[in-house]
Amino acid sequence: MKQVTAVAPANIAFIKYWGQKDKEKILPYHGSISMNLSNCLTTTTARFNKQVTTDEIVLTHYDGKIEILNPEESIKNKKLYEQINRIRNIAQRTESISIQTHNSFPSKCGIASSASGGAALTLALCKIFELNKYLTNLKKLSALTRLCGSASAMRSLCDGFGEIVVEGDKCYAQNIKLSDLTLVNIVVIVDPEAKASSSSDGHLLAETSPFFAARLGQVEQQLEYCKEALNHQDFTTLGTIIEQDCISMHSVMMTSTPPLYYWNHKSFIIMEAVKQWRSEGIESYFTIDAGANVHVLCEPKHLAELTEKLYATACVQDLIINQPCQGAHII
Ligand code: PMV
């Protein structure tokens, strides 16, 4: 096999993780739950490269801009190159690898490109190096995926809705089985520029927030409530918990030393608008990851109306409409 292509969706966390109890092992303090985003995809091709002795990762951004990822430039880049090395070592192989990867959506701005990128990269590498015991075992594959530097990448392996489970120093992903919850996620692009601090840098500051302990004290309960609401297809409870968790995580971010402000005044305009539209009967909820762009959740019956209202809001540059979808797979 000379070339392999994997596709992975980004995911939006309903109950988020922020902070790592082991920074080397990329081990979150607690579990998390997310939904995959059908129209925010990373497509990654891995090839053996006999011409050179070093690996190379070339990223094509959604706007066509091409970037050769420099391992010295950021922790995230370094971890991606380490992942190539790790998987090659597990396979006891020696070939250099060339990676071509493409994001269908803006990177580094709160839409989880590191999750889709990390999942697609890990899956493509396991396939090209023929690591079948990883390819057929989600627990094993997800534990390996995490080491790409992004724990949330584990959830991009799941179908539809995924969960990260943390048991002591073990951490893996599993699918959340649902009958048929029809949810829509609208990514509201208010600022497609890359954020100033990556989530990798941000995780390192979580413990400096006095609110972090309070978040840890509450999160297990929130995970349970979230799963219950998903199982009962109770959108009102689900949306309420999702908003609470988003505000809780951003409170930790904003009160860390130094403080991190991922959301901005444009994010707030959308958060306020969602609240207003909800009071008028268009049931929708917001959540925001480590970036200014806002994720709005609704049921399909309100999609057309919400889309119209969002496009009519001055700060909105674009919308990406997503449904839960298949997790990372080989094409
Ligand atoms: O998995 P990382 O290191 O890219 O961090 C993800 C952090 C958040 O997106 C803010 C939360 C989450 O659980 O996805």
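Two strands count as paired if DSSP finds at least two bridges between them. Helices (H or I, at least four residues) and strands (E, at least two) are DSSP runs, numbered from the N terminus. The model is predicted: local features need pLDDT of at least 70, side-chain atom pairs count only at pLDDT 80 or more, and totals for chains, interfaces and linings use all residues. Residues are numbered from 1 along each chain as its sequence is written, and side-chain values use heavy atoms, with hydrogens and water left out.

Four strands form an open sheet in the order β11-β12-β10-β13, with antiparallel pairing. β11 (284-287) and β13 (318-322) stand at the edges; each has a single partner strand, so one side of each lacks a neighbour in the sheet. Neighbouring strands are turned by 25° against each other on average, direction ignored. Axes here are lines fitted to C-alpha atoms, for helices over the stretch in contact, and angles run from 0 to 180 degrees between N-to-C directions.

β10 (residues 184-189) and β12 (residues 294-298) run antiparallel and are joined by five bridges. Asn-185 has Leu-297 of β12 as its bridge partner. Helix α9 (residues 303-311) packs on the sheet and touches β10, β11, β12 and β13, contact meaning heavy atoms within 4.5 Å. The direction of α9 makes about 160° with that of β13.

Leu-303, Leu-306, Thr-307 and Leu-310 of α9 are buried (under 20% relative accessible area; exposed is over 50%, partly exposed in between; 1.4 Å probe, protein chains only). Seen down the axis of α9, these buried residues fall within an arc of 100°, so they line one face of the helix. The arc is that of the directions from the helix axis to the C-beta atoms. Ala-304 and Glu-308, on the other side of α9, are exposed. The buried residues of α9 pack against β10, α8, β11, β12 and β13.
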